[in-house]
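Here's a quick briefing to read with the model open beside you. Start with one residue, then zoom out to its chain and the contact between chains.

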Amino acid sequence: MEIPGAYRQGYEQARRVDAATAERYLRHVTVGDPQADAVMVELDKHPGAKRHEWIQRGIEGGPDALADAPPIVRDLFAAMEQVPDWYDPEAGLAGCRGFHRDSEVFIGSFVGAVLIEGFSTQISRSFSITGRVIDQGVRRLKQNNRHLVEIFMPGGLDRQSDGWKLSVRIRMVHAQIRHLLRKSPEWETAEWGTPLSAAHIAFATAAFSALLLKRATMLGVTLPNDERAAFMMNWRYSGHLMGVLPEVLFTNEADALHFHSIGLMCEPPPGVESRQMANGLIQAAPIVAGITAENERRKLVKKIYQISRSLIGDELADALDYPKSRTFGVLAMLRWGNQLSHALQRVCPPLARWRSSGQFQKMLELSHFEQKGLAYHMPERVHAEEDKSF
Amino acid sequence: MDPLSVLLTREPPFVTFTLAGRLDGNSASNFADMVAGNLSDEDRSVILDVHELEFVSSAGLRSLLGLAKHLDKLHCKAVLVGVTRSVGMALEIAGFNSLFHRAKNLEAAHAALSPKSGPAHGFFDRLLHRETQI
């Protein structure tokens with residue numbers, strides 16, 4: 001097996017813990033999304049406007065709307081119409097309830113911990129090269145939030161629903177960025193593997209699901225078993241739609257956490273790009289929340305650093321060059337606060353309704369909505385600053 | 001093709017918007033524009049007939065929220081008629097159950113919107129009250 005240079009040391013360490021999973025992870029560091037990648041190679045032969053049009057028609061109308069498209073494009077969208085046996089939309093409703101009951105805490109955990117932990121890996125490298133989080137950080141964060149909200153709407157992952165379409169759009173964008181980076185002299189395949197590799201997409205999906213549940217639990221969220229299982233199933237299906245290969249797509253929460261932990265061992269320690277992404281994300285978070293006044297923004301950034309450090313631990317926080325801050329009691333206070341809030345809502349239903357509504361409205365403010373319908377333009381250039389279309 | 005069709009009917013004093021299809025990222029913006037563009041200053045009683053509305057996404061809920069706030073500013077009373085299971089669940093998990101009053105059918109909606117049924121509750125009042133089933 002060919003091991004990219006950046007992974008040699010970590011792989012040796014991970015093999016001692018679980019050789020099979022480590023080997024599976026490493027094999028997929030040099031693999032992308034074969035079917036979608038082949039489509040992007042084909043689409044590259046056609047004018048940009050036609051590419052966008054086919055992708056739009058494929059997502060909106062499926063293979064039947066692609067009579068004039070190359071067969072490889074039709075085949076990709078035909079494959080995506082197949083719903084895996086393990087996905088049960090009715091059972092998934094419990095996951096929707098679980099997410100939205102505490103969406104504020106989930107989003108906080110997502111930004112303050114899960115995304116940061118993702119950026120601590122080589123995942124940050126492609127973002128750093130393209131500049132897509134640096135230049136368009138607020139928009140990217142809001143798009144992430146929108147995707148999360150939609151996959152947890154009742155029916156949100158049905159074929160014609162926004163959660164389905166956004167998941168598939170993500171797959172297309174990933175494939176296109178991978179295609180652009182593969183052609184770019186900036187990408188060092190021998191050292192870093194495949195850009196936006198199958199391992200990384202799987203790692204991120206495991207993090208956005210199981211690790212998110214874990215971090216939210218640290219902040220006082222308690223989901224009953226059926227809601228936890230449904231939460232994971234919805235993410236598993238979204239991961240499937242995003243092109244996570246079956247060999248690395250988790251089956252349940254424990255599997256996802258284990259894959260994530262082995263993947264993390266395989267990854268090299270955080271470098272310049274990771275520090276840049278993690279700190280940039282925290283600095284951008286208040287702006288996403290609409291807080292631009294300088295004093296208020298600084299106070300919130302300081303608070304986010306403190307909570308994030310408490311969630312991810314001192315070792316990673318120091319590796320990411322976080323400012324020092326006290327963590328003693330921080331998580332406990334937040335947990336008690338959330339648990340008290342839940343207890344009050346149980347005895348005061350109007351308060352529960354008020355909180356639900358307020359949380360959802362906040363989620364809407366933190367999410368990206370296009371002016372006129374879902375947009376399907378694909379990136380045309382490696383660097384965000386050169387790409388007017390995306 | 002717009003996944004949502006909206007039919008406007010006027011039976012004074014009632015204005016009824018009948019929605020069919022999906023209120024989602026592709027249709028929400030047009031829906032909001034259409035409703036705002038067809039309400040006059042004299043309209044006080046609005047019915048949203050959603051018995052053929054199959055699905056509402058967060059974009060759809062966002063447009064409904066915007067509509068509720070807009071109607072509130074115009075001192076309009078509004079009633080949702082024929083909420084389906086799917087739409088009801090979306091409203092529930094978003095905490096929007098009390099965004100609009102609800103009625104089982106058009107007759108009940110007319111009764112709810114009659115002057116005798118009292119003034120419109122404010123937007124925030126409705127959020128605190130139980131949903132109104134007539």
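S209(A) sits in helix α11 of chain A, which covers residues 198–218. Bear in mind that this is a predicted model. With 0% relative accessibility, S209(A) falls under the 20% cut-off, so it counts as buried.

**Around S209(A)**

- What does the side chain of S209(A) reach at 2.7 Å? That's the backbone oxygen of T205(A).
- The S209(A) side chain also reaches the backbone oxygen of A206(A), this time at 3.1 Å.
- Leaving out residues up to four places away in sequence, S209(A) touches F231(A), M232(A), W235(A) and F250(A).

**Chain A as a whole**

- How many helices and strands does chain A have? The tally is 18 helices and 0 strands.
- Chain A has a radius of gyration of 20 Å, close to the 21 Å from the globule rule for 390 residues, so chain A is as compact as a globular protein of that length.
- Along the principal axes, the C-alpha atoms of chain A fill a box of roughly 60 × 45 × 45 Å.
- Of the 390 residues in chain A, 58% are buried, and S209(A) is one of the buried ones.
- Take the contacts in chain A with a separation of 6 or more: 74% of them come from residues 24 or more positions apart.

**Where chain B meets chain A**

- Chain B puts 32 residues into the contact, and chain A puts in 31 residues.
- About 2500 Å² is buried between chain B and chain A, with carbon and sulfur atoms giving 58% of that area.
- Which residues of chain B lose the most area to chain A? They're N26(B), S58(B) and I93(B), which together make up 24% of what the chain B side buries.

**Polar and charged links across the interface**

- The rule finds 2 salt bridges across the interface of chain B and chain A.
- In a salt bridge, the side chains of E90(A) and R85(B) meet at 2.6 Å, N to O.
- Counting pairs with both residues at pLDDT 80 or more, there are 7 residue pairs in polar contact between chain B and chain A.
- On the side of chain B that touches chain A, the elements giving two or more residues are α1 (28–38), β3 (45–56), α2 (58–73), α3 (85–93) and α5 (123–128) of chain B.
- Sorted by class, that side of chain B has 14 nonpolar, 10 polar and 8 charged residues.

Terms used
Residues numbered from 1 in each chain as written. Chains lettered and ligands numbered in written order. Predicted model: local features only at pLDDT ≥ 70, side-chain atom pairs only at ≥ 80, totals over all residues. Heavy atoms only, no water. Contact = heavy atoms within 4.5 Å. Buried area = accessible area lost by both parts, 1.4 Å probe. Salt bridge = Lys/Arg side-chain N within 4 Å of Asp/Glu carboxyl O. Polar contact = N/O pair within 3.5 Å; in protein donor to acceptor, adjacent residues only side chain to side chain. Helix = DSSP H or I, 4+ residues; strand = E, 2+ residues; numbered from the N terminus. Nonpolar A, V, L, I, M, F, W, Y, C, P; charged D, E, K, R; others polar. Buried < 20%, exposed > 50% of the residue type's maximum accessible area, 1.4 Å probe, protein only. Rg over C-alpha atoms; globule rule 2.2 N^0.38 Å.
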